[in-house]
Amino acid sequence: MQPTSTVDRPAAPPAPNSRTFARAFGDVRDAWRQRELWAHLGWQDIKQRYRRSVIGPLWITISMGTTALALGLLYSQLFGQTLSTFLPYVTAGFIIWNFILGVITEGTEVFIANEGLIKHLPAPVTVHVLRMVWRQVLFFLHNLVVYVIVMAIFFPDLTAPYRMEGDDFLHPGLSWTALLAIPGFVLIAVNAVWVALLFGIISTRFRDIPPVIHSFINLVFFMTPIVWHVGVLNRVTGGEGGDGGDWRVLIAELNPIYHFVEIVRAPMLGHAQDWHHWVVVGGFTLIGWTLALVAMRNYRARVSYWV
């Protein structure tokens, strides 16, 4: 009997395992490196939407300006507010809300809408999310034109200290602190990515989620201080110096979107900075990204099959 050969053979490669956090982080990292791709696609989305239009993307600005003006005029009369301070408040809030709304509603269908690209383009799934968020950022920049026009009209009323009707705070007015709106918006955009990743994956698997969110988001708009402010609740609970612990005040404080709006709107209007909004947003950022990475770890590879 001949002895068994002892020639070394190469070890078999380990079984592939896509359910690792390294793969999840790698998908996000690789998508960021391909920013030229999703930035170009996001810009093309806007050009395609307004193709053959005479004024093109300016329709975004006109639509936003008309809506903000109508809401500002209406609710200033309903709540007895001074138009020179309330219209900028509504305009800034509505611009920020429109960005959040677009991220949530389009984020739930971000993978469903890109079915063709996902099946035929070998790219990280995060690329499609960044493309959608970048498109919403471009919409936001277009809408800022309305904010600039409104602020130019009411600038003298907003540079001096002023008080919103029913509000306990004397706001310092516009100053260099308005630059805090930039990191505030960046933080919202960072959160927009995990929102689209998490809800996009869930909605791709369970197609009933997008209609539910689209219906629920209309209720959230009226529960968020966009066309009303917390001072109105203070007035309901007994005016200035009233019981701030009344349950009505919690309608705003327990609404996470309120805190996201405030970290950008407050500096844009020269309002007094309340840093607990930043703490709440920071907490949601950590928790949200943790959940999104867990979802990416477990289900990233299945997205192409679910679509």
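1. A word on terms to begin with: a salt bridge here is a side-chain nitrogen of Lys or Arg within 4 Å of a carboxyl oxygen of Asp or Glu. With that in hand, Arg265 forms a salt bridge with Glu262, and their closest N and O atoms are 2.6 Å apart. Both residues belong to helix 13 (residues 256-269), where they sit three residues apart, about one turn of the helix. Helices are DSSP runs (H or I, at least four residues), numbered from the N terminus. Arg265 is buried at 0% relative accessibility, and Glu262 is buried at 10%. For these labels, buried means under 20% relative accessible area, exposed over 50%, and partly exposed in between (1.4 Å probe, protein chains only).

2. Please keep in mind that this is a predicted model: local features need pLDDT of at least 70, side-chain atom pairs count only at pLDDT 80 or more, and totals for chains, interfaces and linings use all residues. Residues are numbered from 1 along each chain as its sequence is written, and side-chain values use heavy atoms, with hydrogens and water left out.

3. How many salt bridges does a search of the whole structure find? The count is seven. One of them pairs Arg131 with Asp45 at 2.7 Å, N to O. Arg131 lies in helix 7 (residues 126-153) and Asp45 in helix 2 (residues 35-49), so this pair ties together parts that are 86 residues apart in sequence. Arg131 is buried, with 12% relative accessibility, and Asp45 is buried too, at 18%.

4. Asp30 and Arg33 also meet in a salt bridge, at 3.8 Å, N to O. They are three residues apart in helix 1 (residues 21-33), so about one helical turn separates them.

5. On to the nonpolar core, meaning a set of buried Ala, Val, Leu, Ile, Met, Phe, Trp, Tyr and Cys residues joined through side-chain atoms within 4.5 Å. The largest one has 78 residues, and Ile100 and Phe111 have the most contacts inside it. Helix 4 supplies the largest share of this core, 13 residues. Apart from it lies another core of five residues, among them Ile46, Ile60, Leu138 and Phe139.

6. Ile100 deserves a look: it is in helix 4 (residues 83-107) and is buried at 9% relative accessibility. Leaving aside neighbours within four places in sequence, Ile100 is in contact (heavy atoms within 4.5 Å) with Ile188, Ile257, Phe260 and Val261. With neighbours set aside in the same way, the contacts of Phe111 include Ile118, Val125, Leu197, Ile201 and Val307.

7. Finally, a cavity is a set of points on a 1 Å grid over the protein atoms alone where a 1.4 Å probe fits but cannot get out; lining residues have an atom within 4 Å of a point. Volume is the space filled by probe spheres set on the points, which are joined across faces, edges and corners. The search finds one cavity of 30 Å³ or more, and about 30 Å³ of space lies in the largest cavity. Its lining is Glu262, Ile263, Ala266, Ala272, Gln273, Asp274, His277 and Trp278. Helix 13 gives the most to this lining, with three residues.

Methods: Helix = DSSP H or I, 4+ residues; strand = E, 2+ residues; numbered from the N terminus. 1 Å grid on protein atoms, 1.4 Å probe; cavity = no way out; pocket = protein on both sides within 12 Å on 5 of 7 lines; lining within 4 Å.
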